[in-house]
Amino acid sequence: MTARPEARQADPKALAFASGVNKDGAPFIHVSWAGRRGQVTVEEARQIGRQAFEAAEAAEHDAIVVAWLRDKMGLTFHQAAVAVGDLRSYRQDTTASTWGKNDSSDGN
């Protein structure tokens, strides 16, 4: 029993998900995109959703930072994009365990 992704999908390149249940009664998710099809577990689908949500939030934040760097700091788009790339790298390299630690160079 399943709802086929192509039945609800107008654009064949769009990412589509549809629920399914296998012959043993276990749930799964059909995934289709750009003419490809696959299946993932319910937990994998949830993880994909979380990652997509987090990426969307980061993209909106990055766009705001780029706009601020261009509008308020006078940077070109390229300069702002490089700065945001550096910020992403710094954010990724900086773990939660480093927050709150004193830097010996600032005298604290």
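Modeller: Here is a short tour of strands, surface and salt bridges.

Colleague: What kind of model is it, and how are residues numbered?

Modeller: This is a predicted model; local features need pLDDT of at least 70, side-chain atom pairs count only at pLDDT 80 or more, and totals for chains, interfaces and linings use all residues. Residues are numbered from 1 along each chain as its sequence is written, and side-chain values use heavy atoms, with hydrogens and water left out.

Colleague: Start with β1 and β2. In which sense do they pair?

Modeller: Antiparallel. Strand β1 covers residues 16-21 and pairs with β2 over six bridges. Strands here are DSSP E runs of at least two residues, helices are H or I runs of at least four, and both are numbered from the N terminus. Two strands pair if DSSP finds at least two bridges between them.

Colleague: What stands opposite S19?

Modeller: I29 in β2.

Colleague: And the turn? How many residues sit between β1 and β2?

Modeller: Five, in a hairpin. G25 in that turn has a positive phi of about 90 degrees.

Colleague: Which strand pairs with β2 on from there?

Modeller: β3, residues 36-40, also antiparallel, over five bridges. In that pairing H30 faces Q39 of β3. This hairpin has two residues between the strands, and A34 takes a positive phi near 50 degrees.

Colleague: Switching to the surface. Which residues make the nonpolar patch?

Modeller: L15, F17, W33 and I48, with about 400 Å² between them. Patch residues have over 30% relative accessible area and no salt bridge; nonpolar side chains (Val, Leu, Ile, Met, Phe, Trp, Tyr) are joined within 5 Å, like charges within 9 Å. Areas come from the Shrake-Rupley method with a 1.4 Å probe, and for residues only the protein chains shown count as cover.

Colleague: Where does F17 sit, and how accessible is F17?

Modeller: F17 is in strand β1. At 34% relative accessibility, F17 is partly exposed.

Colleague: Now charges. How many salt bridges?

Modeller: Three. The test is a side-chain nitrogen of Lys or Arg within 4 Å of a carboxyl oxygen of Asp or Glu.

Colleague: What does E43 pair with?

Modeller: R50, with the closest N and O atoms 2.9 Å apart. Both are partly exposed: E43 has a relative accessible area of 45%, and R50 is at 37%.

Colleague: And D62: buried or exposed?

Modeller: Buried, with a relative accessible area of 9%. D62 is in helix α2, residues 42-71. Leaving aside residues up to four places away in sequence, D62 touches V84, R88 and R91. Contact means heavy atoms within 4.5 Å.

Colleague: Which of those are salt bridges, then?

Modeller: R88 meets D62 in one, 2.8 Å from N to O. D62 lies in helix α2 and R88 in helix α3 (residues 77-93), so the pair ties together parts 26 residues apart in sequence. R91 forms another with D62, the closest N and O atoms being 3.6 Å apart. That pair links distant parts of the chain too, R91 in α3 and D62 in α2, 29 residues apart. Shared partners join D62, R88 and R91 into one network.

Terms used: Buried < 20%, exposed > 50% of the residue type's maximum accessible area, 1.4 Å probe, protein only.
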